[in-house]
Amino acid sequence: MADLKQTVSLTSVNSENMSRHQMLEWVNTMVNGHFKKIEELCSGVAYCQMMEMIFPNCINIKRVKMSAKLEHECFHNMKLFQGSLTRLKLDKTIPVDRLIKGRFQDNFEFLQWFKKFFDSQAPGLENIKSAANAVQPKPIKPRAMIPKDESSCDLRATIEELNQKTIDVMDKRDRAYEKLRQIEVLLTETINRNEHVTFCNRVCEVLYKTDQDENSADRQEIVLEDVDDMNMGMY
């Protein structure tokens, strides 16, 4: 089990600026869930799943009641969640009795805390999960009518070839994602051992860099070049 990072001082303030709809979308992205209301998080299922993501084997997922709706079922899941925090020696008491009542305010405030905790322990994991959950291209389906002439046969052969290429691309993407996930785990474990911290952090910056970051850097470089050209013209 990975060690708890000392950054759990919860310095991130992103969750405080997120609406309830954004927070719910974040939860669904991370666990491939279908939660429609903040109150539904009282089941404890999403928290158990996300704890297992950042601290593998900290929870026995087989014991989680995935379809929990009754209070005693939610209580069972929340206790599993609390047990994982206790094993990580995190001094945080979950207000189980309030959360399982399913009231919005209690569950929203706790979700804000957990989002900060998650970001402090697994920075960048959200970007990788978002990429993995991106809409997958659907294979092209041929029409129901049976081709009889040569041109129709060629069309069907082309469609089948495109379908196979789509499947191959999706398979390569899945393998690439799994490799990235393994690299992230190795980097996290190395940082937690306080080994090669600077190098690992630099690799993490590359791993978590988004297209938006790269476009921003390109725009900044273009602006600097324009300023240099203007300065050259003054002399």
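View 1. Helices (H or I, at least four residues) and strands (E, at least two) are DSSP runs, numbered from the N terminus. This is a predicted model, in which local features need pLDDT of at least 70 and side-chain atom pairs count only at pLDDT 80 or more, while totals for chains, interfaces and linings use all residues. Residues are numbered from 1 along each chain as its sequence is written, and side-chain values use heavy atoms, with hydrogens and water left out. Of the 235 residues in the chain, 34% are buried (under 20% relative accessible area, 1.4 Å probe, protein chains only).

**View 2. Helix α3, residues 71-87.** The 17 residues of α3 reach 24 Å from first C-alpha to last, close to the 24 Å expected, where the expected span is 1.5 Å times one less than the number of residues. Buried positions in α3 include Cys74, Met78, Phe81 and Leu85, and the buried residues of this helix pack against α2 (45-54), α4 (96-99) and α5 (104-121). Just after α3, Lys89 takes a positive phi of about 60°.

**View 3. The largest nonpolar core, with 43 residues.** Such a core is a set of buried Ala, Val, Leu, Ile, Met, Phe, Trp, Tyr and Cys residues joined through side-chain atoms within 4.5 Å. Met50, Met51, Phe81 and Phe114 touch the most other members; α1 (20-31), α2, α3, α4 and α5 are the elements giving two or more residues to this core, and α2 supplies the largest share, eight residues.

**View 4. The surroundings of Phe114.** Leaving aside neighbours within four places in sequence, Phe114 is in contact (heavy atoms within 4.5 Å) with Trp26, Tyr47, Met50, Met51 and Phe81.

Definitions and conventions. Buried < 20%, exposed > 50% of the residue type's maximum accessible area, 1.4 Å probe, protein only.
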